[in-house]
Amino acid sequence: MAQRTALITGITGQDGGYLAQLLHARGYRVIGVSRRTTANARDSLPAGVADIELVSADLLDQASLCSIVDQVQPDEVYNLAAQTFVPASWKQPLLTAEVTALGLARLLEAVRLLCPAARVFQASSSEMFGLATNSPQDEETPFHPRSPYGTSKLYAHWLATNYRESYGLFVASGIMFNHESPRRGAEFVTRKITRAVARIAHGLESTLVLGNLEARRDWGYAPDFTVAMHAMLQTQEPHDLVIATGASHSVREFCETAFSIAGLDWRRHVTVDPALFRPAEVESLVGDASKAAKLLGWRPTLTFEELVHEMVQADLQSLSATLGIRSGQVARLLPAQP
């Protein structure tokens, strides 16, 4: 069987790195799209994937996307690039729309014109549900986004459907609920919490300032979600599927769990700043991934507690290495993994 080629936008992000590792291990030629192909971009890739190719293109630039798609002729295309930080979408709504919504339009046009046999995965988002009318949310739940990010993702989601129905392209959208890992960006609330736990445990800080502690999310493990992405492009027909754990936890619960792992009482360190609340809050999201389980055989592998433990442990160890603390001293800060 000939080696398959996968083209990944957003390869330097959390999901892009895990997906690159997965596909590389499965024998793919992996090509990552980056706005920059300097050493800094390659430094963002995980260890063990040094032979992944990086090409320069931009979701804002139609010509560069067409050039890469024509040159590479990928078997599979994974669109993971977006302006993904919801709070930033309120400050940069036009950029969010250009990248997250119209960026997919440009990519699909490139595929339609130059490589129509390619299979395309679109990373849709649970934020499209926003003010959800039912819980848990599944593929039939009406959309009601509550942010420029969620609205942009919804445009891209329906555009993917349109290209599938109008042009016969194989385009599958994974409606991805929150998924985290030690590689999560520091601006996201989960990583903000685990990094603060590490700094407080080492006496470098004493306070963590957060917004809405009662917001509830369905937090999964990022590597599990990349398994689902790949599986969605291996089916006979394209489907739009919810990818989620089915378990809901509040930001408050995340804090309590993360701080307790380091032997700390979160109530002594966490303060709430109303200025950090969203203009329109999404109070609760939890997904029903039963269709993905049926069609793909996909299920999450880590519990909420195991996920938080892995993230806290990674941040404690990373900070300890920076401070020159021996691993045995780090281990004493951590209980046994749940």
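This is a predicted model: local features need pLDDT of at least 70, side-chain atom pairs count only at pLDDT 80 or more; totals for chains, interfaces and linings use all residues.

Modeller: Residues are numbered from 1 along each chain as its sequence is written, and side-chain values use heavy atoms, with hydrogens and water left out.

Biologist: How many charged residues are in the contact of H7 with H11?

Modeller: Contact means heavy atoms within 4.5 Å. On the H7 side, the residues include Arg191, Arg195 and Arg199, and the H11 side includes Asp315. Asp, Glu, Lys and Arg count as charged; Ala, Val, Leu, Ile, Met, Phe, Trp, Tyr, Cys and Pro as nonpolar; the others, Gly among them, as polar. The contact divides into 7 nonpolar, 2 polar and, as asked, charged: 4.

Biologist: And H7 with H9: roughly parallel or oblique?

Modeller: The axes of H7 and H9 come within 10 Å. They cross at roughly 30°. That makes the pair roughly parallel.

Biologist: What is the class make-up of the contact of H7 with H9?

Modeller: Val189, Thr190, Ile193, Thr194, Val197 and Ile200 in H7 meet Val251, Phe254, Cys255, Ala258 and Phe259 in H9. By class, the contact has no charged residues, 2 polar and 9 nonpolar.

Biologist: Which elements cover the buried residues of H9?

Modeller: Buried means under 20% relative accessible area, exposed over 50%, partly exposed in between (1.4 Å probe, protein chains only). In H9 (residues 251-261) the buried residues are Val251, Phe254, Cys255, Thr257, Ala258, Phe259 and Ile261. Cys255 is buried because its relative accessible area is 0%. The cover includes strands S8 (208-210), S12 (249-250) and S13 (270-272), plus H7 and H11.

Biologist: Which cysteine sulfur is nearest to that of Cys115?

Modeller: A disulfide is a pair of cysteine sulfur atoms within 2.5 Å. The whole structure has 0 disulfides. Cys115 is in none, and the nearest cysteine sulfur is 12 Å away, in Cys66.

Biologist: Is Thr5 buried or exposed?

Modeller: Thr5 sits in strand S1 (residues 5-9). Leaving aside neighbours within four places in sequence, its contacts are Tyr28, Arg29, Ile31, Val72, Pro74, Asp75 and Glu76. Relative accessibility is 9%, so Thr5 counts as buried.

Biologist: Which residues does Pro300 contact, leaving aside its neighbours within four places in sequence?

Modeller: Pro300 lies in the loop between helix H10 (290-296) and H11. At 35% relative accessibility, Pro300 counts as partly exposed. Its C-alpha is separated by 16 Å from that of Met311, 11 residues apart along the chain. With those sequence neighbours left aside, Pro300 is in contact with Asp224 and Thr245.

Conventions:
Helices (H or I, at least four residues) and strands (E, at least two) are DSSP runs, numbered from the N terminus. Axes are lines fitted to C-alpha atoms, for helices over the stretch in contact, and angles run from 0 to 180 degrees between N-to-C directions. Angles under 35 degrees count as roughly parallel, over 145 as roughly antiparallel, 65 to 115 as roughly perpendicular and the rest as oblique.
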